[in-house]
Structures are given as structure tokens and as C-alpha cells.
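Dear colleague,

Please find below the structure that I am handing over to you. My notes on it come directly after.

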Amino acid sequence: MAAHLSSGRVNLTALREAGRRELREFLDKCAGSKAIVWDEYLTGPFGLIAQYSLLKEHEVEKMFTLKPGRLPPADVKNIIFFVRPKLELMDIITDNVLREDRGRSPQRDFHILFVPRRSLLCEQWLKEQGVLGSFIHREQYSLDLIPFDGDLLSMESEGAFKECYLESDQTSLYHAAKGLMTLQALYGTIPQIFGKGDCARHVANMMIRMKREFPGSQNSIFPVFDTLLLLDRNVDLLTPLATQLTYEGLIDEIYGIQNTYVKLPPEKFAPKKQGEGGKDLPTEPKKLQLNSAEELYAEIRDKNFNAVGSVLSKKAKIISAAFEERHHAKTVGEIKQFVSQLPHMQAARSSLANHTSIAELIKDITTSEDFFDNLTVEQEFMSGIDTDKVNNYIEDCIAQKHPLIKILRLVCLQSVCNSGLKQKVLDHYKREILQTYGYEHILTLNNLEKAGLLKPQTGGRNNYPTIRKTLRLWMDDVNEQNPNDISYVYSGYAPLSVRLAQLLARPGWRSIEEVLKMLPGPHFEERQQLPTGLQKKRQQGENRVTLVFFLGGVTYAEIAALRFLSQMEDGGTEYIIATTKLINGTTWIKSLMEKLEPAPF
Amino acid sequence: MSRVRADEEEYWHSSKFRAFTFDDEDDELSQLKESKRAVNSLRDIVDDDDDDLERVSWSGEPVGSISWSIKETASGSTSSLDGRDSSLQKGSSSYAALPKQASSYSLSSLFKGRNKLSSFQSLSDALTDTGVKNYAPELRRPKAEYKDYSSDWSPKDTVRRMQRGKVCSLERFRSLQDKLVLLDEAVAGHDGNVITAVLIFLKRTLRREILFRELEVRQVALCHLIHFLRETGEQKFLLDLLRFLDRTEEVALSQYREHLNIQDVEKRREFLKGCIGLPFSAEDTSHIQDHYTLLERQIIIEANDRHLEMAGQSELFRKYPRKASILNMPLVTTLFYSCFYHYTEAEGMFSSPTNLKKTFKIPDKQYVLTALAARAKLRAWGDVDALLTTKNWLGYTKKKAPIGFHRVVEILQRNNAPVQVLQEYVRLVEDVETRLNLATKYKCHDVVIETYRDLKDRVQLTAYKSKVERGSVEEEKIQSILSNVQIRWKN
């Protein structure tokens, strides 16, 4: 299922195909029947590259999840571990290998496929455990940029933000640069590179260096992308903290979308067949894939949730009308035509039913008092109201022991919207959090401080109002139904990151030099020479294509905002989005929290 | 195993929208379908037809050989490979020729909208065309790598080889100078994997003081080493390093983090005691001190209460058996526990709520909130009343709630307080609108009636009459107020 990848301006099927080819090559290196032992985290991303059928064709007969203990007794010649290069996983593999029955015949061969990179550290670790020699093939599968949709690529590297900003480990940036080189190999050299932030600068430097060191990368492909914009997540810490209000954004906030799949409570999806009076309600969560392959979803995913209901009801009318047509069909030809439309109509109907159910689920939450209160506080902060004192609602939430992540999101939002909190306010929040949730969270608070999300105001200066006004981050007259500005994705707040992209396209960053200086990290422009003959001669009215790469994660609402800009009639730019990870405020904060339980193994 | 299999099945085959692919060929008549076809013109060819695509792509070619053979010839070492048919090597054409091949093919046809060929079949053709095929590996296989296959790599080449996942011996780098050049090269490459590998080598071969000194001026490498030590749990080495760097706060936090790995509470308490003296920031120091004190208290309380519970003599513990031990719970949870089981104890007892309040300087608001929740859960309405009653210096009593009476009502309601109790506090809610809302919601008729009377709102009061039970005391009350001629109604 990959047709949706080719529906956009840039055909991303080519990238997926490159990934599949590499996978097949590896599988064929291990001749004979095989079983794959999966690091569970990887099955999601791999599912976007290949289906089981592909593995099966290459003699993969069994698949297991990686866990300690003895491996299941599969009668295969090869056991292949598909793992991320993490030490705790190496320990599990070691355990698996050591417990393998040496007496069994025929013996099984072991191999490791590291994703996305082979790790010398892990191999050293395996060597120390005395099992390194058991592996015949140790290879890497550089799953750098995975196509998620026709205009969306992600590295699905969970720890990228944490590694860059807490641990100063720039490995994920190296992978990003490598991914961009692969992309350029397939889609041509990108002539213009813009960037903002330290990580952006690093990635651009690495790209330039790689290009210099790999003379072969001078390619002769006609460039598809006109511009690359590299954006550091820490240039805009605000946006992910706010609650996304687009349809897709809310699905992610509430249920969590993983590798384009979402799991939903089953009650609303119970099959309504006659004579089954409520018996056998499904207990397994309902799993749905969400991408632009589904026509209806493509239409509503990026809308403000308040505009989704009317679309759904309009669709319902159209579908009912279409089904009514059957009464008018008189001639054999007409009946035949009707029948031929049936599959499409039925698919449309089931799609409509699904999204009506999801919308109902979401509505239950968005109409709750607490959702409203939470949103009110967020919007106050973002529009600059009362950001410098202890907030009552936050205090109440702590008192009622709401989930810690929710508290941290709000406190961080307040801190970011005030360029840091007054020391007294910060100390107050800290004390309340530690007393209510446990002192050990001092480690998490420290991480947030290091990442700049939660900090004392230094120099007593609050830059946020200036940034907000200059970049028009807060729009009072937002139109949720027929938006005329990107601020509709947060019902008033225009994501800073996307505003930067918008202003870069028109009128250019020179107009906002002052504000750019207030945001962290350098901003820059680089040009990559194209061989003569490959320079583009733009047709009248032809849109430019810009690849926006979010280093440290991007939210669905930001993606929606960029898609909105792509679709603007006089926009002149179409955007393709790449990121290290698809995030929302909750998953993002979670990635920065100290793991409080020791690893189970 | 069947479960595993079921999961796989679900996972790999859970594309729900197969119905959208329109892959049956016959119904050319359908307009709808045609328009669909137009939109999804690529779909029929590319989508989900793994089998076809594969067969087209790989027919006549040994599967998996192309990129592989290039890789191997490019690196100049074929001997290291096992079990490969030499015929697979046919792709090993001269490397220099590749760009030419690539340019001979119209690569723009890869992209929709630029497709010069009319059929999308060309997409899969394009993908398997040698130009593209050979191109991708080229990225990873620069000329530099294969032209001088020897063991005498420069630091730069060594780093580059390692970046490509090749294992290199670093032992050749003997002098400090060489090692540092190697490290700097690794850092310049930004690949954490390689940086860490070099660091492991340096850590093994350099004296600590020298390693520390050199890392002090190499911040990126330093961060990687710290991260590495944390991952591998080399706590002692890490602390030495941080101390050398004078990063005292980090030393403190890093040491404190260790307590999470100690399961035994006595040992954990001892460990935390040792943390108190560490150089935290002033604010953090008091938190760490509190953490220690809290665990110390919890251990005492736990021992006592477990004994009480086992003895079975305390009615409270019999009636409400403890769900979990209090060890390692947060402070507020501990306070709740103590308000639940030890409310009446004298301040001198470690387990008494007032003692906890004093020791940890718990703010009034927090204390009232927690005590209220605990006493309401026990339905001890008398305690609730006492908690919210204050005496002024003249001896008059007054109800006061630092958290606001609307919150009091919420908490009581959540614990199913009877209307008589609830009503008393609803009456005290200051904001009239909130009061009316709460009173209506929780059916505190008296409060609603009195409030409308005080507002002189005859219309609302009359309307409310229909909401109370017919013939009830409330109805009577409304009737008598409505017929009171002394009230000057506003409407």
C-alpha cells in the first residue's frame, strides 16, 4: 500500500523502493530459511517500508519479538535480530544466544541487522559478553528517512531532541545529514539551504562536508527541491507544548498515532448488525491506519476540529443521495453503472462511519470542562496574559494530582511564553510538583531546565511579546471554518516554526532580522552549485518546492499549517516535511523525563 | 507462539482501506471509477503489487547482487565474503563509468509531473535502471575508500571507515598526538558511534589525568564520554571525571540518581542520607533533605502500621485494609495516608498529620485539601466541619476555606456526602452564580430557594418550583416566599 506516497508533488515511492531494495539484499545474504527476532520498536517503521509478503518471499518463515530467555524452537536455518543499537537490547540478545541449545541439529546461524546504524559500542559490548563471534553477518540498515505520506518523511528517532540538547550527542544530526544526502541522490541537489539554530548549522555543515568528501555525489539529476529549510526544535519550544486543535492533531494528542496507526477504544466501532442485541462487544482496541490513501481523511485531517463536523454531515448527505440513486436506475445500463459504483460507495460509507465515530470520541473530550479550562490557560499564556505569576489552574491540577506530564506541559508553556519564570514562581511550582509527585522528579525538572523549557528569567527581560507581535503569533480573529491564516491550527496561535517558513518564502528573512537574533542559534543561507544544464527555468505560475526539516520533532498541527500554505492559491510554494520524529507535547516531554524505574532486564 | 503469529498477522495485514484501491479491471463504464483512476493513476501499477513489481524489477538479475557487488568491489576486498557466487560480480564495472551511465538515463522521469514517458510503468523501470541502482551505493562508497586498500589508514580515513561500520584497529595510534588527532577527526564527523568508539580506545590507553585534561578542551567528546559512562553504569569513573571538571552540581545529581537503583529501603535511606551533604544548589539541597526525612518517616510508619494491621486490633485497619505500603510514596500521598489512619494523633508522633505539616512546611492550602479528602473518604463529617472552622480572638467561630468553598463542595460531593452536609458548604460559596450552579447541580434546594429570594428574582424562583417534588417541604417554602408581600421583587 504505497500509492499515497506518490500523490504529492514529489514522488516518495522512489525512496520507499530504495529502502525495500536494501532490505531484500540483506535478507538474501543469509541464505536459507529464516526467523526474524524484532526489536518491537522497529516493527512500526518497517511496516511503512515493507509488508510481510516481501519478507516471506525471501524465506522469512517466522517472526518473534525480542525478549529475554530461550528463543522459540523454530525450524529455520537463520535467526536474524533486527535491533536498534542499544545496550539493553544487546543484553537480551546475549541471553538469547547463550541459551541456545548447542546440541540441536541442524544448528541455527545468528545474524544482526542494526537499524539505523551499526554500533561499535554495541559490538564491543557483545564481545565482552563473549557472544560477538556467534554472529555471521553484522550489518546495518540505514533507515534514515521513512516515507509516511506523500509529503511527509520521518526518521522516527525518539531520542533525537534529548540527545542533541541534554547529552550534546549529535549522532541523530549525522543521520539527518545522511538522510538528506540519500534524498539528494534520488531527487537531485538542493540548490538553496536556509537554516536557523545550532543543530541546523551542524547539519548544513555536515552536508557540505559530505558533498566535498564524496565527489561522486555530484549528480546529474534534475533538482526537484528548490530549497531546504533546516529548523531547530529549540528555536520554537512553544508550539509542541500547546494542545493541537486540528483533527489529526487531536487524534494524536488523545490516542497517540504511531507510524500512521492509531488504536481506538472499540465501543464506538461495534458492528451494528441486526439481531445482535449488544452482545459480543469487542474488547480489543480498534486499529486504523491514517494517511492520505483514505480520501475522506485526507480532506479533514488538517482542518480545525470545529470544522470537521460540517464536512462529515455533508459527506453523509452525498453518500445517502448516491445510495438513493438505485431507485432511479431503470435501464440495464443504469443498473450496471450503479452496481459498478457500489464498492466505492461502500468504502466511502465505512470511512465516513469510522471518522464519525472518531469525531464523537474526540468531541466527548473537547467538550469536557477540564479540556476547556486547560485550553483557556494555554491561550492566555500564548497571548501573553498573566505569564509572570503562579497560575491558579495549574495549582488546582497539581492538588488534584492530574498527570504529571500535563502539569509539566503547562508550566513549561508558561515559562517559554515569559522567557523564563520569576525565581519565586519557579521555586513554588517546583516545590509543589516534588511534594505531590515525588522528590525523585527533581531529575526530570533538571532535564527540562537544561533543555531550556523550564528556566528562571535571566536579566529580567521578556522577549516573547516582541516576538509574538513581530511574527504575529497571536491572531484574535481566527476563522476555524474557512481559515485565512495558519493560526487556525491552534485556534489563535500561529506556530512560530511555520511562521518562519512562511516569512522565508515571502518576503524573506531580511525583514525579521531583529527577531531572528532573539531566537536561539544562528540563521544562515548556503548555496550548492548545480552543474550547468540542471538549473531550473521556472515556468510561469509554477510553484517552488521547499523541504522543511524539523530537527528535534514536528507536530501534526505544524504539518497541517504547512499544508495549508502549500494549498494557498497565491502561495507560490509547496512544502514537503521531514523530521527526526513526529511528536506532540506529551511524547516530547516524556522523552525528556528521567526514567525512574530501572530497566527490567 | 500462536499469539505472536496473530500479532504479526494483525500488524502486517491491518491496512483497512483496501477497498480504496480499485484494482479490478472490468468496469470501465463507471464514471466515478474513472475519476478515481485519474486521481490515483499511479496506484494500479505501484500499489501493493509487490509480486509484480519484484518480478519486473529483478527478472534476469541475480537478486540482491547489484548493490552488493559494487560495494564489495568498491572496497576492494572480496575475499572477506563468504558463500557468494562469483557470477554475481558482474556488476563490478569500472566505478568511474557510473556517472556517465547515470546521466544517460532520464532521471527526471522518476518524478511525477516531469514524466516524459507516458506510462507509469516507467517508474518501476526507472527504479531498476542501472543508472539509479548504481548511483545510490555510490554515496556510501567514495573513491577514496577503494583506491588505496591498505592497513595504513590516516586518522581521517580511519574515521571514515568506521563511519561506514567497518571495524578498524586503533592500536596503531600510539602517541598522544596521534590519538588526539584521531579524536578530533571523529568529533568533526559528528557520528556519535565513532566518537564513542575512539573514546573507549582512549580511555583504555591513556592515563586518567591526561584523558580528563584533554577532554576538558573538547566539549563534544566530553559529552559523549559522560553519556557513555552513564549508559554503561561506570559510576565511579563518571564521578571522578565530573569532579575533575569541577561540575559539582552534576556530580551531586548524578550521585543522587543512583538511589533509584537501590531496592532495599534501609539501604536507600542510608544512601539518601549520604546525598544530603552533596553540593546541590541551595534550593535542591532542601528538597534532598526532605526526601531523606520523608523516607525515614515512612520506614517508621510502615513498621508500626504493618504491625497494627497484622494484630488486627485496630478497627480502622480492619475496616479499610491498606492497599499498598507507604514506602517511597510522595509527600502528599503520605500526608493523605496519615490523615486517613492517624488523624487524631498528637503532634509528637511521627505519623501525625500535624507533625508532617510542620516538618515539611506544607502550605495551608495543600494541607486542608489533603485532610479534607481523607476525612471525607471516611465520611467523618464532624472532622470536616472542625477543619474548616476557625475561632477568632473573641471566641466567635467562623467557617474558612483557604481552597475556596466550591472546591470543598466538589471534594465532599465526590465522596457522596449527604445533602445536609453538602448544603452547608454550598451556602458558603461566595460567588452567587457558582453557588446557584452547584446548588442546582447537587439538589441543595434550600440554598437555591434562599439565593433566589435574596436576589429578589421571582421569575427564577417560580420556575424552580416546577423542579422540586410536588407537595414537598421545598414547594411549600417557595410558595410562602412567593406570597410574602414584604419582598420587593425585581421582576
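This is a predicted model: local features need pLDDT of at least 70, side-chain atom pairs count only at pLDDT 80 or more; totals for chains, interfaces and linings use all residues.

Overall form of chain A

Chain A contains 23 helices and 15 strands. Its radius of gyration is 26 Å, close to the 25 Å that the globule rule gives for 601 residues, so chain A is as compact as a globular protein of that length. Along the principal axes, the C-alpha atoms of chain A occupy a box of roughly 75 × 70 × 65 Å.

Of the 601 residues in chain A, 62% are buried. The accessible surface of the chain amounts to about 23300 Å², and carbon and sulfur atoms account for 50% of that surface. When contacts in chain A between residues at least 6 apart in sequence are considered, 79% of them join residues at least 24 apart.

Salt bridges

Over all chains, the count of salt bridges comes to 61. Three of them are described here.

One of these involves Arg117(A) and Asp191(B), whose side chains meet with an N to O distance of 2.3 Å. Arg117(A) is located in the loop between strand E4 (109-114) and helix H5 (120-128) of chain A, while Asp191(B) is located in the loop between helix H11 (176-189) and helix H12 (192-205) of chain B; the pair therefore joins two chains. Both residues, Arg117(A) and Asp191(B), are buried.

Another salt bridge, within chain A, is formed by Asp151(A) and Arg563(A), with 2.7 Å between the closest N and O atoms. This pair links distant parts of the chain, 412 residues apart: Asp151(A) belongs to the loop between strand E6 (146-149) and strand E7 (152-154), and Arg563(A) to helix H22 (residues 556-567). Asp151(A) and Arg563(A) are both buried. They also take part in a network of salt bridges that links Asp149(A), Asp151(A), Glu248(A), Arg301(A), Asp302(A) and Arg563(A).

In chain B, Lys357(B) forms a salt bridge with Asp364(B), the closest N and O atoms being 3.1 Å apart. Lys357(B) has a relative accessibility of 24% and so counts as partly exposed. Asp364(B), at 45% relative accessibility, likewise counts as partly exposed.

With kind regards

How values were computed:
Residues are numbered from 1 along each chain as its sequence is written. Chains are lettered from A and ligands numbered from 1 in the order in which they are written. Side-chain values use heavy atoms; hydrogens and water are left out. Helices (H or I, at least four residues) and strands (E, at least two) are DSSP runs, numbered from the N terminus. The radius of gyration is taken over C-alpha atoms; the globule rule is 2.2 Å times the number of residues to the power 0.38. Buried means under 20% relative accessible area, exposed over 50%, partly exposed in between (1.4 Å probe, protein chains only). Contact means heavy atoms within 4.5 Å. Accessible areas come from the Shrake-Rupley method with a 1.4 Å probe; for residues, only the protein chains shown count as cover. A salt bridge is a side-chain nitrogen of Lys or Arg within 4 Å of a carboxyl oxygen of Asp or Glu.
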